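This report walks through one protein chain, part by part. Please look over the sequence and the structure before reading on.

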Amino acid sequence: MAKIAVLGGGRVGSAIANDLSANHEVTLMDFDRITLDRLSSKNPKLEVCETDLANEIRLKGLLEPFDLVVGAVPGFMGYRTLKTVIAAKKNVVDISFFPEDPFQLQEIAKENGVIAIVDAGVAPGLDNLILGFWDSRIHVQRFECLVGGLPVERKLPFQYKAPFSPIDVIEEYTRPARYMEGGQLITREPLTDIEWVDLPGVGTLEAFNSDGLRTLLDTCPHIPNMKEKTLRYPGHAELILNLKRAGFFDTHSISVNGQKVIPMEVSNQILFDQWLLEEGEEEFTVMRVDIDGEDDHEHHFIRYDILDRMDNKGVSSMARTTGYTATAMVRLVLEGKFVENGIHPLEDVGRSPGCYETTLLHLRERGIEVHGHAQEPENW
């Protein structure tokens, strides 16, 4: 039984903490006492600690007794928090979707003998693991991931609810999208190249450019075609594009009745209420991963269609698919199945023997089915 600290008590952080508390001593750290009291009352095995996670000196001291740390803070504070954990010489699994390059922490992670698994969610995360697994077996020529989390009930105008902070979603909608095409790095505006996709169990959704490849651009430069797109109900992208064009996501201040305001901050506040996923509101997470490649001049096509819904305990599908992928990474580290120090996204983990299989088993035990369909050569 290990002592584990989970940083962040949001929907995903709480799902991670509850899952890990079944087999480990878990302390959940957050600044919100009401959230901590609510979670600890529901799970007596869970220890809680009220603290400002942005206070790096205090956080470093609090982490001293723990064997491993899970980072589940909002993206805007993710990089700094991860750096603090590594400086504290603690192995860490991180799900924060921060904009900074995690490999900037490579040297300090290796110097401190720390295993740091980053982007350990559903996408980026589970799709990276799948790609890493196949990349170690065939010569991959094309990788595409389509992914989204959506409410079951479609309500105008947005037809969308966010299972995490709207500011992280807006960041996804404003950051230039990068992908590989014919061995060349292409940069496009997000929310562009809209296409309709039919997905089993869901129906027709729209897919548009988003900057989800992240570490794959550094770790898989040999794959000539790689793309990630976000899935939403048809019509959502055009609405967001119009808001963006009108300046609602601008980050420079404007004057309103003599007061300086930043449009992005105002929009985030408004959308927080519009996009709030209510307690018990039904939603789903859907992901399609396509991989094309060759082995001994034989062509292979592998497709994964993954669909998960809120469970009977009210844990959202996004919290499940993200959080339980993260707890699978914790399991790999604690069981000594992934032991390499340094910064490692999940494509690295997928290449490591047995890690792909253990992760899929871990998810299956929690009701998340991940199956690829392919004509596979014998003895793979």
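Which residue in S11 is the bridge partner of Glu195? The partner is Ala207. The model examined here is a predicted one.

Strand S10, residues 195-199, runs antiparallel to S11, and 5 bridges join them. The two strands form a hairpin with 3 residues between them, where Gly201 has a positive phi near 80°.

S11 covers residues 203-209 and is mostly covered, with 5 of its 7 residues buried. S11 also pairs with strand S12 (residues 225-232), again in the antiparallel sense, over 4 bridges. Within that pairing, Asn209 has Lys229 in S12 as its bridge partner.

S7 and S15 run antiparallel and are joined by 12 bridges. Across them, Glu144 stands opposite Asp290 in S15.

Strand S16 (residues 298-309) pairs with S15 in the antiparallel sense, over 12 bridges. Asp292 has Phe301 in S16 as its bridge partner. S15 and S16 make a hairpin with 2 residues between them, and Asp296 in the turn has a positive phi of about 50°.

## Nonpolar cores

The largest nonpolar core has 66 residues, and those touching the most other members are Ile117, Ile130, Met226, Ile291 and Met329. Helix H11 (residues 317-334) supplies the largest share of this core, 9 residues. A second, separate core has 26 residues, among them Tyr160, Ile170, Leu191 and Leu205.

What does Met226 touch, leaving aside residues up to four places away in sequence? The contacts of Met226 are Leu131, Phe143, Tyr179, Met180, Leu213, Leu216, Leu217 and Cys220. One of these, Tyr179, also has a charged neighbour: Lys227 lies over the face of the Tyr179 ring, at 4.4 Å from the ring centre.

## Aromatic pairs

A pair of aromatic rings is described by the distance of the centres and the angle of the planes. The count comes to 7 aromatic pairs. One of them is stacked: Phe133 and Tyr356 are 3.7 Å apart, centre to centre, with 10° between the planes. Phe133 lies in helix H6 (residues 126-135) and Tyr356 in helix H13 (residues 355-364), so this pair ties together parts that are 223 residues apart in sequence. Phe133 and Tyr356 are both buried.

Phe158 and Trp275 are edge-to-face, because their planes are at 90° and their ring centres 5.7 Å apart. Phe158 is in the loop between strand S7 (139-151) and helix H7 (166-174), while Trp275 is in the loop between helix H10 (263-274) and strand S15 (283-295), so the pair ties together parts that are 117 residues apart in sequence. Phe158 counts as buried because its relative accessibility is 10%, and Trp275 counts as buried because its relative accessibility is 0%. Phe158 and Trp275 belong to one aromatic cluster with Tyr160, Tyr173 and Phe208.

Another charge over a ring is found at Phe66, where the charged end of Lys3 sits 5.5 Å from the ring centre.

## Cysteines

How many disulfides does the structure hold? The number is 0. For Cys355, the closest cysteine sulfur is that of Cys220, and the two are 16 Å apart, too far for a bond. A disulfide needs the two sulfur atoms within 2.5 Å.

Cys355 counts as buried because its relative accessibility is 0%. Cys49 also counts as buried, at 15% relative accessibility.

## Gly367

Gly367 lies in the loop between H13 and strand S18 (372-373).

Leaving aside residues up to four places away in sequence, Gly367 touches Asp308 and Arg320. Between Gly367 and Ser41 there are 326 residues of sequence separation and, in space, 25 Å from C-alpha to C-alpha.

Key: Residues are numbered from 1 along each chain as its sequence is written. This is a predicted model: local features need pLDDT of at least 70, side-chain atom pairs count only at pLDDT 80 or more; totals for chains, interfaces and linings use all residues. Side-chain values use heavy atoms; hydrogens and water are left out. A nonpolar core is a set of buried Ala, Val, Leu, Ile, Met, Phe, Trp, Tyr and Cys residues joined through side-chain atoms within 4.5 Å. Buried means under 20% relative accessible area, exposed over 50%, partly exposed in between (1.4 Å probe, protein chains only). Contact means heavy atoms within 4.5 Å. Rings of Phe, Tyr and Trp (its six-membered ring) pair if their centres lie within 6.5 Å; planes under 30 degrees apart count as stacked, over 60 as edge-to-face and the rest as tilted. A charge sits over a ring if NZ of Lys or CZ of Arg is within 6 Å of the ring centre and within 35 degrees of the ring normal. Two strands pair if DSSP finds at least two bridges between them.
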